[in-house]
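Please open the model in your viewer and keep the selection panel at hand. The stops below go from the whole chain to single residues.

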Amino acid sequence: TDTHVTNRPLTLLGLGDMGTALARTWLAAGHPLTVWNRTAAKADALAAEGAAVAASPAEAVAANTLVVLCLLDDASVGAALDGVDLTGKDLVNLTTGTPAEGRARAAWAEARGARFLDSGIMATPGMIGVPEAGGYVFHSGSRALFDAHRATLEVPAGARFVGEDPGHAALHDVALLSAMYGLFAGVSHAYALIEGEDVAPSSLAPLLSEWLGAMGFFVGNAAERLASRDFTTGVVSNLAMQVAGSGTLLRASADQGVSAELIGPYLDLMRERLEADPVAHAGEDTTGAITLLRRG
Ligand code: FVH
């Protein structure tokens, strides 16, 4: 591993907001860095900070064994590396993609003689190089590659290896992002409800934060229930009550002139679970609704 080796050289393809933030941390840490970007002008500032600028992806890849990609999407990775000799290279793909894209890209890279790690960044550009911000990167695929370059990969943000299936970094990434958007949706609905009332968003904000924190127990509870498939033991709030209560939420939304389009689908799913077997499911919590989402 490179645990005791610092300043290893590397190549970075992609100098968008995220790529540029990554590049600056490697340069600041003293890593010799070769960069390439489709729009060449975006490399100018980094050149002034010490980066070597390659004229093409092929030239950038040829410069170093470790090649990091931070491009818009999987299609741009394919476009940038089309025809480039990847023999003996260690590719780390920080580009956000789907699990299927991660697996396909790993097979594609390995067929070209490269080791491959697919990755998902759990950070915004401002969190890169700021350890206290809590950002990190999921990695999956070649364990040998991860071990060989871990110290270098951890310069911009923490690294979490989530298995040798190259689809698993993207799987973790999209799972966390999906949960985040569910949270954003609920908060958006809450703020819409108070618009036009004499309640300031700034006064609701701390109450929302506190409440969402208190309800965070659902994450661990749901995991336990899914593992045991027992949705009834230790239930805090039963499904029959929650489905009845959902009618109140929908009426309140209508009264306030607020669309229920963000929270309605989840309430519908709770009702569907209850109606599938009102006797057996009445005493569950809402976790059983998860089983309805895999509709094939
Ligand atoms: N920025 C963020 O908050 C998120 C945080 C979590 C992870 N994402 C993912 O990181 C990837 C890069 O994101 P970004 O913020 O750097 O994105 P942009 O600033 O839009 O830069 C995109 C770069 O991709 C290049 N590019 C686009 N298409 C192509 C192509 N066909 N061939 C080669 N390069 C391409 C683009 O080049 P240019 O437009 O400057 O010429 C930029 O370098 C991304 O997967 C996020 O989901 C960021």
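The model is a predicted one, in which local features need a pLDDT of at least 70 and side-chain atom pairs count only at pLDDT 80 or more, while totals for chains, interfaces and linings use all residues. Residues are numbered from 1 along each chain as its sequence is written.

**The whole protein**

The C-alpha trace spans about 65 × 45 × 35 Å along its principal axes, and of the 296 residues, 33% are buried.

**Two domains**

Colour residues 10-165 as domain 1 and residues 172-292 as domain 2; these bounds come from an automatic or database domain assignment. The centres of the two domains, taken over C-alpha atoms, are separated by 38 Å. Where they meet, six residues of domain 1 are in contact with four residues of domain 2, contact meaning that the C-beta atoms, placed from the backbone, lie within 7 Å.

Now select residues 11-156, which UniProt, in an unreviewed entry, lists as "domain: 6-phosphogluconate dehydrogenase NADP-binding". This span is 38% helix and 21% strand, and its end C-alpha atoms lie 14 Å apart. UniProt positions follow the numbering used here, feature names are shortened, and annotations may be inferred rather than shown by experiment.

**Around the ligand**

Which residues are the closest to the ligand? Select Gly-16, Arg-38, Thr-39, Ser-76 and Thr-96, which are the closest of the 22 residues that surround the ligand, a residue being near if its C-beta atom, placed from the backbone, lies within 6 Å. The elements that give two or more residues to this shell are helix H1 (17-28) and helix H4 (74-81).

**Helix H7**

Move to helix H7 (residues 168-194) and pick out Leu-176 within it. Is Leu-176 buried or exposed? Leu-176 counts as exposed because it has 12 C-beta neighbours inside 10 Å. If you draw a distance from the C-alpha atom of Leu-176 to that of Glu-284, 108 residues apart along the chain, it comes to 25 Å.

Select helix H9 (residues 217-228), whose 12 residues reach 17 Å from the first C-alpha to the last, close to the 16 Å expected at 1.5 Å a residue; the expected span is 1.5 Å times one less than the number of residues. H9 is hardly covered, since the count of buried residues among its 12 residues is one.

Just after H9 comes Arg-229, which lies in the loop between H9 and helix H10 (239-256). Arg-229 has a positive phi of about 60° although it is not a glycine, and Arg-229 is exposed, because 9 other C-beta atoms lie within 10 Å.

Conventions: A residue is buried if 20 or more other C-beta atoms lie within 10 Å of its own, exposed if 12 or fewer, and partly exposed in between; C-beta atoms are placed from the backbone. Helices (H or I, at least four residues) and strands (E, at least two) are DSSP runs, numbered from the N terminus. Two residues are in contact if their C-beta atoms, placed from the backbone, lie within 7 Å.
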